[in-house]
Amino acid sequence: MLVFSSLRRAGRHAGRKVALLLALLVAVPVSLAMVMARGDLLSTLFQRHASIMLLVDPETGEIVDANQAAGDFYGYPVATLRRMTIQQINALEPEAVMAERQRARAEARNYFIFPHRLANGALRTVEVHSSPVILESGRQVLFSILHDVTNRAVSPDEQVLYQQRLEQAVASYTERLEADHLRERDYFIAGLVLALAVILMLMASMLRRSRAEATLIHREEQLTTLIEAMPDIVCFKDGQGRWQLANAFDLKLFGLEHVDYRGKTDQELARYQDFHREAFMDCVVSDEQAWQARQMVRCEEVIRVPDGQARIFDIIKVPLFHADGRRKGLVVVGRDITEHKRAEAEIEQLAYFDPLTGLPNRRLYLDRLETALAAAQHSRVYGAVLFVDLDGFNTLNDARGHEVGDQVLQECARRIRAVLGDADTVARFSGDEYGVLLPQLTRQEHLAVRQARSVGERIRLCLAQPISLGAGEVSLSASIGISLFPSTQRNTALDLIKFADTAMHQAKAAGRNQVRFFEPGMQARVEARFSMEGDLRQALARGQMQVYIQPQVDQEGKVRGGEALLRWLHPEQGMVSPVVFIPVAEESGVILALGDWVLEEACRLLNHPAMQHESLRISVNVSPRQFHRPDFVQRVKQVLAQTGADPNYLTLEVTEGLVIDDVHQTAATMSELRALGIHFSIDDFGTGYSSLSYLKRLPLNELKIDKSFVQDAPENPSDAALVDVILSVARHLRLKVVAEGVETPDQASFLTARGEMLLQGYLYGRPVPIEDFLKQLQQG
């Protein structure tokens, strides 16, 4: 077995020597293949040690022995490694190997750095510490300890790539890291226990066999060599805390290479090293904790190195006692885990925080909400969940680019955080959605409602302020939904987020830039909305959709055309109002398929002989989402080609909001379709934007007066004045006019007295299916 020189005389100073042997065997278990004939126990330590160890013939390069850690690292079974040579795993040519050895001698270092190839073909950079040892058989070999230092050689570019991949691997890596940590601790403790057992056996052996002294001296030298090569702290103190032995790494770390440290306490050594004074004094405290615990103590200590960096060490301290309970010695072993801790911190940052804004992510927010909900259910103190969604952010992001969008998201995060208290949480869920948690408001519900609304309003107002960017200012608003907790329903954290999301959508439906509370009826309406969306997606394929035509007549009552209107005959709910299902179709995207179908049906109607005989025109409403499709023009051309309809009798109706969204692009699209002969009409004119400058920039043919103006115009002077203004605008721009919602003779007389226009409303005909409309035409 390997022992210190202090064991050269088994009969003298036995207590001190046993403690020294413990220190070394705790730090570096070694192979019984090297140490003694009765070596089953130490051989087990060699095979189970976490460090990569090899015994190599220096002449032939044959791998005489390898432990399990080496087999795990290289990916070969240990039995296979024992049949291999070091040249088979070293990726360098013999000339390069010789060059590395010459560099090591020139740099006065006792280790080599080689690229080794694993069984799977991957290359790993290893640091090899080798010392010559003599086996029991008399054969001289190199005892090599290898450290994987590949990560130290990673380039900055590769480090960036590594960090980008951390997020994808965070869940699996965290589990593996924890498992490795527990396994390493178990191996370490098991090694310590086994080492203590070995020491007891060795003591008995020394007392019985004095002839083993020479062998012990020889093996002590081997172990000392190995300890000196270890890049870990190894230190032994006596019962009074005086340093007795330390390896080279420990001495260099504390700047004691040229100091006679033996027999001195940490307080005394602190006088020599002002730079490490704090570290020495911390050692005094943790040493005493180990003595008081009377068992192994594990802790983390921060030690500053001469270059100014703070390194974190995982320290294990094992107190030793005499049979009568007196303090005998203290074994200190420590490993640098700075990189390990840094990786843990990076993993936690990626796992729980948003990389763009630095805010907690949805996962951390949900964890905090669950904690707050459990506390609220116990204390009955109300809390609140706020769901914040930026209005119009996607449009901004598409128009100004993702870089500007990212700056806006970061500024919004900063503003929200600024209006919250220290106990509150703001998290970024995804995209332009933020979650706010107010964990403790008050015990009174009406006061909690007032406080939560006050916070919501402050957030809304701060986000409404213009955001200054390099290229100018950006203005946004926010829709905010709020749900309170706890409630009698015992809702979960996910329920609360869903409720706040529902309230936020209610705020958007109410006009945006508003704060809304969740109400029980909201959820029912949302669920009904999702049910409708599902039915709507199947309605077209199931033949539930119909196109109705409402006639448009001149002042003499003669039909001049009609407007195509979409109707949904639900098998259970009957006729569903367009006011109900059109917004759902818009939000879900179903409107694209529905719009294409209505356009096709209208174009087929234009080809009917009755329509062609009367030269009637058909108007079709076009939704903003449909109009802004990149292939909208091409789609219209395809429908015209398939149906053979004359585009000169087709009118596409668009809203003011549609054209204002992007006037330049709208004008280009309309001009391209206008060149085909298609007419354009502004639907519900006068109910949208106040600016009329867009009228002269677009190829329009027609304005439609909204029914809200028509219905009260005969009696209401204000509505009458608005109708006169619209007619004046149309005359100056030479646009035709269609008046909607004409239901009474008084309304018709009022309109016809003011000029030529088309009239549309129940007075002249309700919307009817295409077949009925054609029958009415044929009947005159």
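Colleague: Where does Arg734 sit?

Modeller: Happy to start there! Arg734 is in the loop between α28 (717-733) and β25 (736-739). Keep in mind as we go that this is a predicted model.

Colleague: Is Arg734 buried or exposed?

Modeller: Arg734 is exposed, and its relative accessible area is 79%. There is also a detail in its backbone: Arg734 has a positive phi of about 60°, although it is not a glycine.

Colleague: Nice check! Which residues of α24 are buried?

Modeller: The buried ones are Phe632, Val633, Arg635, Val636, Val639, Leu640 and Thr643. Looking down the axis of α24, you would find these buried residues within an arc of 165°, so they line one face of the helix.

Colleague: Why do residues three or four places apart point the same way in an α-helix?

Modeller: An α-helix has 3.6 residues a turn, so residues with that spacing point the same way.

Colleague: Got it. Which exposed residues are on the face of α24 turned away from its buried side?

Modeller: That face carries the exposed residues Ala641 and Gln642.

Colleague: And what covers the buried residues of α24?

Modeller: The cover includes α21 (590-606), α23 (624-627), β22 (650-655) and α26 (663-674).

Colleague: Switching topic: how many aromatic pairs does the structure hold?

Modeller: It holds ten. One of them is formed by Phe387 and Phe429, and it is edge-to-face, with 5.5 Å from centre to centre and 65° between the planes. This pair links distant parts of the chain: Phe387 is in strand β11 (residues 383-391), Phe429 is in strand β12 (residues 425-430), and they are 42 residues apart.

Colleague: Are Phe387 and Phe429 buried or exposed?

Modeller: Phe387 is buried, with a relative accessible area of 4%. Phe429 also counts as buried, at 11% relative accessibility.

Colleague: What about Phe499 and Phe518? Why is that pair stacked?

Modeller: The ring centres of Phe499 and Phe518 are 4.2 Å apart and their planes are at 10°, so the pair is stacked. It links distant parts of the chain too: Phe499 is in helix α18 (residues 493-509), while Phe518 is in the loop between β17 (515-517) and α19 (520-539), 19 residues apart. Phe499 is buried, with a relative accessible area of 12%.

Colleague: Which residue lies over the face of Tyr762?

Modeller: That is Arg766, at 3.9 Å from the ring centre.

Colleague: Which two residues does a cis peptide bond join?

Modeller: A cis peptide bond joins Phe485 and Pro486, with omega at about 0°. You'll find Pro486 in the loop between β16 (477-485) and α18.

Colleague: One more residue, please. Where is Ala290, and is it buried or exposed?

Modeller: Ala290 is in helix α12 (residues 277-293). Ala290 is buried, with a relative accessible area of 0%.

Colleague: Which residues is Ala290 in contact with, leaving aside its neighbours within four places in sequence?

Modeller: Those are Gln295, Val297, Lys317, Pro319 and Leu330. Ala290 and Leu330 are 40 residues apart in sequence, and their C-alpha atoms are 8.6 Å apart in space.

Colleague: Last one, for the whole chain: how many helices and strands are there?

Modeller: The chain has 30 helices and 27 strands. Of its 780 residues, 47% count as buried.

Key. Residues are numbered from 1 along each chain as its sequence is written. This is a predicted model: local features need pLDDT of at least 70, side-chain atom pairs count only at pLDDT 80 or more; totals for chains, interfaces and linings use all residues. Side-chain values use heavy atoms; hydrogens and water are left out. Buried means under 20% relative accessible area, exposed over 50%, partly exposed in between (1.4 Å probe, protein chains only). Helices (H or I, at least four residues) and strands (E, at least two) are DSSP runs, numbered from the N terminus. The arc is that of the directions from the helix axis to the C-beta atoms. Contact means heavy atoms within 4.5 Å. Rings of Phe, Tyr and Trp (its six-membered ring) pair if their centres lie within 6.5 Å; planes under 30 degrees apart count as stacked, over 60 as edge-to-face and the rest as tilted. A charge sits over a ring if NZ of Lys or CZ of Arg is within 6 Å of the ring centre and within 35 degrees of the ring normal.
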